[in-house]
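Hello,

Here is the structure I promised to pass on. Please open it next to this email, so that you can follow along as you read.

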Amino acid sequence: MLGGMQDWPLLVWKLIDFAALNHGSREIVSLTCEGGEHRSNWAEVHRRSKGVAQALSRLGLKQGDRAATLAWNTHRHIECWYGISGMGAVAHTVNPRLFEDQIVYIINHAGDRVLFLDLTFVGLIEKLAPRLNSVEHFVLMTDAAHMPTNASVDFLCYEELVAQADGDFAWARVEETTPAGLCYTSGTTGNPKGVLYTHRSNVLHTLGSITKDAMGVGSEDVALPVVPMYHANAWGLPYSCAAVGAKMVMGGPHFDAPTLHKLLMKEGVTFTAAVPTIWLGMLQHLEETGTDLGALKRVVIGGSAAPRSMIVDFKEKYGVEVIHAWGMTEMSPLGTVGSLSAEAAKLSQEEQFDLKTKQGRAIFGVELKVTDDAGTTLPRDGESFGHLMVRGPWCVGEYFGGEGGHILDAEGWFDTGDVATIDQGGYMQITDRAKDVIKSGGEWISSIELENEAIGAAGVAEAAVIGMPHPKWDERPLLVIVPKAGATPRKEDVLAHLEGRIAKWWMPDDVVFVDEIPHTATGKIQKTTLREQFADYSFPAVDG
Ligand code: AMP
């Protein structure tokens with residue numbers, strides 16, 4: 001027997017229809033690649049995304065085809081997302097920070113027929129175009145005045161395409177399980193793998209992420225997603241802001257603290273989201289300039305662990321609440337959020353800071369467990385750590401094209417590759433990526449925890465810990481530090497800072513200072529490269 005309720009398919013274009021109708025005048029402000037600022041709103045972005053959809057139909061794109069974007073966070077990029085998936089095709093975000101060979105691989109693997117690109121990438125695409133086998137149309141996301149005159153690629157002009165469309169276009173009434181988006185993981189080993197989101201998974205993720213205990217965005221909010229739309233869907237914000245009619249502020253090609261700070265103050269940003277490295281730069285900028293964060297109330301930090309000192313600084317110096325979140329491309333991306341439970345709200349400020357360094361509790365729609373190597377579920381005691389497994393309607397079921405074969409176990413769990421604990425209150429804490437954990441004398445040392453503590457030492461801007469081979473213990477931790485501008489921290493002082501904050505046997509065997517720590521295309525510390533850089537290194541004690 002079927003139930004008696006309406007069959008209202010969960011399609012992403014319903015989000016922008018809703019925003020245009022109910023919050024049409026709520027603004028979308030973007031810094032553009034041409035320079036300067038562009039002001040638009042949900043009604044306008046809705047109208048123009050229909051233009052994109054219509055233009056794509058005229059170019060011959062069909063339902064299920066893929067159209068890629070190589071673009072920063074702007075109003076045009078939002079229009080492309082809704083336009084592409086609204087006409088039944090798949091919006092494939094390409095991370096421009098990947099190596100050129102990976103970009104070529106991803107576009108060819110996805111079989112993208114159309115590629116939208118920002119002005120920034122004209123040179124790159126001129127170079128790569130001969131290797132992009134499936135792309136039939138390159139659309140340059142600019143106006144006629146900024147089109148290059150003698151490019152080697154026959155670029156179409158975005159603004160002309162949108163202007164030519166009359167907007168009389170009906171969104172595609174596809175099944176809710178139809179693919180809407182595609183994003184490749186920036187895997188550190190092997191080729192990147194594609195996660196093919198459905199309309200249904202994106203809409204459910206949106207409903208899950210806007211709740212008070214999750215992102216908690218509302219129509220009053222002014223949201224600045226610094227996290228790029230090509231990094232795990234900007235954590236869903238172009239969808240969730242539409243679902244609630246929040247104002248959006250988009251930084252375009254800018255990620256530097258002075259520009260973002262100016263934008264944030266000018267537009268009255270109340271909510272923002274980014275990886276920790278962005279906030280390291282911002283906190284340093286605030287300190288140097290003696291400024292504050294204006295109307296900002298909440299920052300979501302994820303992608304890598306947010307150090308305790310960062311959470312404390314935001315709160316104590318600027319009155320801003322950090323919401324620590326964890327997720328992954330394979331999870332659309334939101335998994336856990338560190339909002340306070342009723343119990344946690346009763347804790348002292350210091351205890352709350354401790355809790356906030358954990359990655360938070362599962363939101364409804366996400367099932368979590370940690371297991372040992374044999375697959376046995378470990379207790380939720382905050383101590384036992386093991387493989388973090390997830391299940392839910394916005395978690396990956398298989399990779400695009402079946403890459404990697406079966407990725408779920410017999411009960412439908414996906415192994416995240418993270419190692420974590422879960423405590424009695426349901427708070428999950430990432431101890432490491434499984435491949436980064438330091439195995440010392442048969443026990444595991446958490447590189448993340450060491451990094452979080454090291455970053456609190458005076459004069460330390462950034463810290464990374466890697467396991468180095470050791471004749472007696474298999475591996476021992478090596479602490480790599482980037483000093484703050486003008487500071488010259490000493491090894492003894494950093495180690496003294498760690499004393500009492502970590503188990504004695506976790507103490508790094510050495511501290512080295514470098515100008516820069518390598519990062520992946522999504523802002524994570526690139527431990528593989530770091531390990532290669534230190535391939536010839538050996539601990540002082542071993543050398544004698
Ligand atoms: P990505 O798919 O690029 O977003 O990467 C997902 C991975 O980033 C996760 O599996 C974690 O290893 C890591 N990650 C994401 N958020 C956090 C966090 N808050 N703390 C520690 N690691 C994180």
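First, some ground rules. This is a predicted model, where local features need pLDDT of at least 70 and side-chain atom pairs count only at pLDDT 80 or more, while totals for chains, interfaces and linings use all residues. Residues are numbered from 1 along each chain as its sequence is written, and side-chain values use heavy atoms, with hydrogens and water left out.

**The ligand**

Helices (H or I, at least four residues) and strands (E, at least two) are DSSP runs, numbered from the N terminus.

- An N or O atom in the side chain of T329 is 2.6 Å from an oxygen atom of the ligand.
- A backbone N or O atom of G303 lies 3.0 Å from a nitrogen atom of the ligand.
- For A305, a backbone N or O atom lies 3.2 Å from a nitrogen atom of the ligand.

On its own the ligand has 500 Å² of accessible area, and the protein covers 93% of that. Accessible areas come from the Shrake-Rupley method with a 1.4 Å probe; for residues, only the protein chains shown count as cover.

**The sheets**

Next come the sheets. Strands of a sheet pair through backbone hydrogen bonds, either parallel or antiparallel. Two strands are taken to pair if DSSP finds at least two bridges between them.

Strands β1 (residues 27-31) and β2 (residues 37-41) run antiparallel and are joined by 5 bridges; S30 has H38 in β2 as its bridge partner. The hairpin of β1 and β2 has 5 residues between the strands, and G35 takes a positive phi near 100° there. Strands β12 (residues 271-274) and β13 (residues 298-301) pair in the parallel sense over 4 bridges, with T272 opposite V299 in β13.

Another open sheet, also of mixed pairing, has 7 strands in the order β7-β6-β5-β3-β4-β8-β9. Its edge strands, β7 (156-157) and β9 (194-198), each pair on one side only. In this sheet, 3 bridges join the parallel strands β4 (residues 90-93) and β8 (residues 179-184), and H92 has L182 in β8 as its bridge partner.

**Backbone details**

Most residues other than glycine have a negative phi, and most peptide bonds are trans. Which residues go against this? N233 has a positive phi of about 60° although it is not a glycine, and W235 has one of about 55°. N233 sits in the loop between β10 (222-225) and α8 (237-244), and W235 is found in the loop between β10 and α8 too. N233 is buried at 7% relative accessibility, and W235 is buried with a relative accessible area of 7%. Buried means under 20% relative accessible area, exposed over 50%, and partly exposed in between (1.4 Å probe, protein chains only). There is also a cis peptide bond between S332 and P333, with omega about 15°; P333 lies in the loop between β14 and β15 (334-337).

**Two helices**

In helix α1 (residues 13-23), the buried residues are W13, K14, L15, I16, A19, A20 and H23. Their cover includes α2 (42-58), α3 (75-86), α7 (199-209) and α8, judged by contact, meaning heavy atoms within 4.5 Å.

Finally, L495 is in helix α14 (residues 491-498) and counts as buried at 17% relative accessibility. Leaving aside residues up to four places away in sequence, L495 touches M507, P508 and V511.

Enjoy exploring!

Note on methods. Polar contact = N/O pair within 3.5 Å; in protein donor to acceptor, adjacent residues only side chain to side chain.
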